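Dear colleague,

I am handing over the structure below, and my notes on what was found in it follow. Please read them with the model open beside you.

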Amino acid sequence: MDSSSTTGGGGTRREATRQKLYEAAVTLIAEQGFSATTVDEIAERAGVAKGTVYYNFASKSVLFEQLLRHGVELLTASLREAAEKTAREGGSKVDALDAMIRAGLVFIDRYPAFTQLYVAELWRTNRAWQSTLMVVRQEAVAVVEGVLRDAVASGELSDEIDIQLTASALVGMVLVAALDWQSFQPERSLDDVHSALSRLLQGRVSGSR
């Protein structure tokens, strides 16, 4: 999973190696599950020595925990960038929410295996990284909450909106709709899916018809 923040500087080589390990781990775990995936397989898929895995991560569990954190942080950054770009261009808060929906779809289209793992892990309760997952999930939802809160404060949206629940619902809508799209309706384009979710946003959140 790529990130522009990992290019340049003294840590470029190590970050590039970690990116390879993230990609290998997310692909293997999506294919065969966490328990069935070994460190040897991750190293082989990444094209590095087994010792390199342990040099970068203390264990397979730590690697996966950092993978989840890394992926959700990339998603959060995408959502924030979409909202900020809309603001710079003079768009409304609902426009910003719509841009964030598209950014989420683009992210999921780019990283489908990660998204599948992330959604699956959200429903588990016996993982060592559960608390980390909840923290980074809230960071993503908080970006949406911020836009909703500003929209209510400016009068663009009704103050009757439950900001926390609405933010969670919007993030969940994008995740579930995108996974359904990729699994059962792959013939549909990203633009088509975004258009459908955009209409839902305009009707249910903004109250337009």
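How do the residues of the lining of the largest cavity divide into nonpolar, polar and charged? They divide into eleven nonpolar, one polar and no charged, where Ala, Val, Leu, Ile, Met, Phe, Trp, Tyr, Cys and Pro count as nonpolar, Asp, Glu, Lys and Arg as charged, and the others, Gly among them, as polar.

Some words on the basis of these notes come next. This is a predicted model, in which local features need pLDDT of at least 70 and side-chain atom pairs count only at pLDDT 80 or more, while totals for chains, interfaces and linings use all residues. Residues are numbered from 1 along each chain as its sequence is written, and side-chain values use heavy atoms, with hydrogens and water left out.

On a 1 Å grid over the protein atoms alone, a cavity is a set of points where a 1.4 Å probe fits but cannot get out, whereas a pocket is an open set with protein on both sides within 12 Å along at least five of seven lines, and lining residues have an atom within 4 Å of a point. Grid points are joined across faces, edges and corners, and a volume is the space filled by probe spheres set on the points. The count comes to one cavity of 30 Å³ or more, and the largest cavity has a volume of about 140 Å³. Its lining includes L75, L79, M100, G104, V144 and L175; α4, α5 and α8 are the elements that give two or more residues to it, with helices taken as DSSP runs (H or I, at least four residues) numbered from the N terminus. The largest share of this lining, five residues, comes from α5.

Helix α4 (residues 60–88) has 29 residues and reaches 42 Å from its first C-alpha to its last, close to the 42 Å expected at 1.5 Å a residue, the expected span being 1.5 Å times one less than the number of residues. After α4 comes G90, whose phi is positive, near 85°. In α4, residues including L75 and L79 meet residues of α5 that include M100 and G104, contact meaning heavy atoms within 4.5 Å; by class, this contact has ten nonpolar, four polar and one charged residues.

The second largest pocket holds about 210 Å³ of space, and V171 and L175 are among its lining residues. Its largest share, five residues, comes from α8.
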